[in-house]
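Biologist: I'm new to this one, so let me see it first. Then I'll keep asking how you know things.

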Amino acid sequence: MTGYVCIACGQDWPADFSGYVCRTCGGNLDVQYDYAAIRAEGDPKRWFTAGPRTDQFRFGALLPVRDLACAPPLRVGATPLYLATRLGAMAGLDAVYLKDEGLNPSQSFKDRASAMIMARAVEAGVAVVAGASTGNAGSSLACMAAAAGRPCVVFVPERAPPAKLAQLLIFGAWVIAVRGSYDDAFDLCARVCEVKGWLNRNTGFNPFTREGKKTAAFEILEQCGDAPPDRIVVPTGDGNIISGIWKGLKEAHALGLITRLPRVDCAQAEGSAAITRAVHRLRAEGSVPPDGDWRSVTIEPVPACTLADSIAVDDPRDGLAAVRAVVESGGEAVAVPDEAILEAIKDIARHAGVFVEPSCACAWAALRALKAQGKVESDERVVVLLTGSGLKDIASARKVAGAPLVVDPDLDAALGALDSVSFEVD
Ligand SMILES: Cc1ncc(COP(=O)(O)O)c(C=O)c1O
Ligand SMILES: [Zn+2]
């Protein structure tokens, strides 16, 4: 890496910059590389297969770690991309692909960022890493810290879902359950890190979270073969995943790996739609900020209220980068109600065989809404990023899953119960 650039004011900072955010305006930073030098090295495929790793760390030339042996010894990324024909047909779409990130070590996309932060902590000799989380970022940090043999501290809202809390605790993280929201946990974590001198993994605030997340874009491009997809739909809370995906796509473009950039679409819950509202407001005002100055774009916080806990965010911590991703890519931003999210959990499970938590179901519900609004054509190739396993939140799944047929241990009783069932091939 060669340094950083501020996402808000455009100020450059050197590679040995010691802060997390821009010292001029407080904006989040984007890590920069010498793309011309990487390009000059020759065959693009070579940059992406450096070393013995088969996971996200094989994108070595575009990662901010020198010694890949510092990365946790777990397989992060390298997740499958499935063509979901029957699911796509439900929305009148010919080619819907599902990127199943629930197959990461702690069952969520967040492992990509946590592994990157842990690799940097090990390389820099930092002892303690801390982070705030709605649940997944923390459980993934705990998982990576356990694999690396390092202590970690995770700040979560007290009402974090039980499965995520159990993961945190079983991996041995020190868990601070904050009587407040995710946003309260985020701010408290930052203050404690400052006093203690710990490495702060907070999403977006730490620029290296985006570096881990962008690797999913490289994988998607590889998995799509010769032609990139037309769009990638991303479930969005803080906005760090969508901005990471967009950064990965732009880097692939800068290096000549693709000649056409996919759009990125922001999917949010209606009860937590600060980024979506900001995109719509900006578009209504003319799509680019006056004088090209992104500092003038405001993202009004909302009182977040949705059952999709992973994307329940009052004040999106990487909101500006997310708004830029949608606007620059020509993508859409859409918010869907919780009822549509619950139905989408069932649809993805029953028509594609993937069990996801509500936040990811939001992405599918959003794509259906966009298609219904005429904003997506039937023949577009669309990737839906499924960011976390359904086992993270079984309470939500059970709301729409139905109930078993309960019978006595008796053949007639079993046959009688089955009489009412009509078996259909989907
Ligand atoms: C499963 C899942 N999906 C989506 C998101 C949203 O990511 P971001 O907050 O970067 O927008 C999260 C964040 O916690 C998550 O855990
Ligand atoms: Zn700045």
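Biologist: Where is the place of phenylalanine 155?

Modeller: Phenylalanine 155 sits in strand 7, residues 152-157. Strands (E, at least two residues) and helices (H or I, at least four) are DSSP runs numbered from the N terminus. Bear in mind that this is a predicted model, where local features need pLDDT of at least 70, side-chain atom pairs count only at pLDDT 80 or more, and totals for chains, interfaces and linings use all residues. Residues are numbered from 1 along each chain as its sequence is written, while chains are lettered from A and ligands numbered from 1 in the order in which they are written.

Biologist: Which residues is phenylalanine 155 in contact with, leaving aside neighbours within four places in sequence?

Modeller: Contact is called when two C-beta atoms, placed from the backbone, lie within 7 Å. For phenylalanine 155 that gives Ala132, Ile176, Val178, Ala185, Leu188 and Cys189. Cysteine 189 is 34 residues away along the chain, yet 6.3 Å separate the two C-alpha atoms.

Biologist: And what makes cysteine 6 count as buried?

Modeller: Cysteine 6 has 21 C-beta neighbours inside 10 Å, so it counts as buried. This residue lies in strand 1, residues 3-6. Not counting residues up to four places away in sequence, cysteine 6 touches Gln11, Cys22, Thr24, Cys25, Gly27 and Leu29.

Biologist: Why are helix 13 and helix 15 called roughly perpendicular?

Modeller: Helix 13 (residues 338-352) and helix 15 (residues 394-401) pack at about 80°, their axes 9 Å apart. Axes are lines fitted to C-alpha atoms, for helices over the stretch in contact, and angles run from 0 to 180 degrees between N-to-C directions. Angles of 65 to 115 degrees count as roughly perpendicular, under 35 as roughly parallel, over 145 as roughly antiparallel and the rest as oblique. Helix 13 and helix 15 are therefore roughly perpendicular.

Biologist: Which residues of helix 13 and helix 15 meet?

Modeller: Leu342, Glu343, Ile345 and Lys346 in helix 13 meet Ser396, Ala397, Lys399 and Val400 in helix 15. The residues of this contact divide into four nonpolar, one polar and three charged. Ala, Val, Leu, Ile, Met, Phe, Trp, Tyr, Cys and Pro count as nonpolar, Asp, Glu, Lys and Arg as charged, and the others, Gly among them, as polar.

Biologist: What does the domain assignment of the protein give?

Modeller: Domain 1 (49-74 + 109-207) and domain 2 (81-107 + 210-400). The bounds come from an automatic or database domain assignment. Their centres, taken over C-alpha atoms, are 22 Å apart, and 31 residues of domain 1 are in contact with 30 of domain 2. On the side of domain 1 that touches domain 2, helix 4 gives the largest share, five residues.

Biologist: Which residues around ligand 1 come nearest?

Modeller: Asn136, Asp238, Asn240, Thr387 and Gly388, out of 21 around ligand 1. A residue is near a molecule or strand if its C-beta atom, placed from the backbone, lies within 6 Å of it. Both domain 1 and domain 2 supply at least three residues of the shell around ligand 1. That shell divides into six nonpolar, 12 polar and three charged residues.

Technical notes. A residue is buried if 20 or more other C-beta atoms lie within 10 Å of its own, exposed if 12 or fewer, and partly exposed in between; C-beta atoms are placed from the backbone.
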